[in-house]
Amino acid sequence: MTRAQEVETKLAWVREALAEAGSSLCRLRGSDWFAWATAGGSSTVLMTAETGAAEVIVGTRDAFVLTDHIEAGRLRAEQLGGELVQVLPVRAVPWGNPDAWEAAALAAVQPGGPVLSDRPGPAEEALPEALLVRRRTLLPAELARFRQVGRAAAEAVTGVLLAATPQMTELELAALAGAALRRRGLDDALVLVAGQRRLPLYRHPTPQEEVLGNVAMLVVCARGHGLVASLTRFVSFGPLPDAARAAHARVRAVEAAVLAASVPGMRLLDLYDVLAGAYRDVGDPGAMLEHHQGGLAGYQAREAIATPGTATSLNVGSVLAWNPSVRGAKIEDTIALTGVGLEVLTLDPAWPQATVAGLPRPLVMERTRP
């Protein structure tokens, strides 16, 4: 499937949703939906914004990318080049003219029906669940791009932790990680670091001006082609203490339980129960409530998180990012559910690993202290 064919397939899905809703126009404003609709294109300029510098307009007969004159040339050349621009032409309006923008968007509308949107405004309706299922069930071409993103992210993290020293600060390690991802063409959507003191204290340790010490955890969410790969790795400067080794074994056991149950048709709420039982089995039931456990990945780091009320089901083409944790230990990778089973996307063969239930799972990198 070419990129243009992928986009044509997705436009057909959007038009199916329009027909079912009795609508004539869909506006995809978010950077995540832009990437989905354009087969990996990016509308992002400001990293912290949910929406980018363009949106995808889909009518019953017309579809195009709407932007302003500042961005049009770059988007055509770098994000929508080749045959794709024939499928999704770029239409530009003067910057700073919201009325012109709205007029251009609504020009695709045939009379009647609500406007659908991923970020609905006044008098607009949210996207139907069927289209969300389409997005969360990746096509083979999307999985191929995800493999590239996951492998590059994993290799970046390996290189960073091989270069880490106990004298580094968390901020310095985070800076190395961000640079390593950027060199590989990936956005550092999230970088968390905890050294020896903060590791047992916080599940989401935003990096601080604090020396690492004997151990460090590095967590990244790396975005490429709009897809977000998540992984967590640990380095120990010297042999890992027995208590820490046991904690990491517990999280691997919890993850093994939920991965074994991650099959087509399973709902996230059922997998939440599997996780809760696994924590009980390893003797740490309270850890379940100290951190969310992950869920589906894709064009967001978490498309859906497993909770007692999340009825979203897994399909072939779903991508998982489970992240079981106990105090001082965590495990996380981005893993595709394919027609032949599970495939770890964030795998670097150079990283120390063990085979758990047939899958390569990361161990703590134990390094000789400099």
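Colleague: Quick one on R302 and E332: buried or exposed?

Modeller: Both R302 and E332 are buried. Bear in mind that this is a predicted model.

Colleague: What do the side chains of R302 and E332 form?

Modeller: A salt bridge, 2.7 Å from N to O. The pair links distant parts of the chain, 30 residues apart. R302 is in the loop between β10 and β11. E332 is in the loop between β14 and β15.

Colleague: Let's switch to K10. Which residue does K10 form a salt bridge with?

Modeller: E142. The closest N and O atoms are 2.8 Å apart.

Colleague: K10 and E142, then: buried or exposed?

Modeller: Buried, both K10 and E142.

Colleague: Now E255. Which side chain does E255 meet in a salt bridge?

Modeller: That of R361, at 2.7 Å from N to O. This pair also links distant parts of the chain. E255 sits in helix α9, residues 242-261. R361 sits in strand β18, residues 359-362. They are 106 residues apart.

Colleague: Why does E255 count as buried?

Modeller: Because its relative accessibility is 2%, and the cut-off for buried is under 20%.

Colleague: What's the relative accessibility of R361?

Modeller: 1%, so R361 counts as buried too.

Technical notes:
Residues numbered from 1 in each chain as written. Predicted model: local features only at pLDDT ≥ 70, side-chain atom pairs only at ≥ 80, totals over all residues. Heavy atoms only, no water. Salt bridge = Lys/Arg side-chain N within 4 Å of Asp/Glu carboxyl O. Buried < 20%, exposed > 50% of the residue type's maximum accessible area, 1.4 Å probe, protein only. Helix = DSSP H or I, 4+ residues; strand = E, 2+ residues; numbered from the N terminus.
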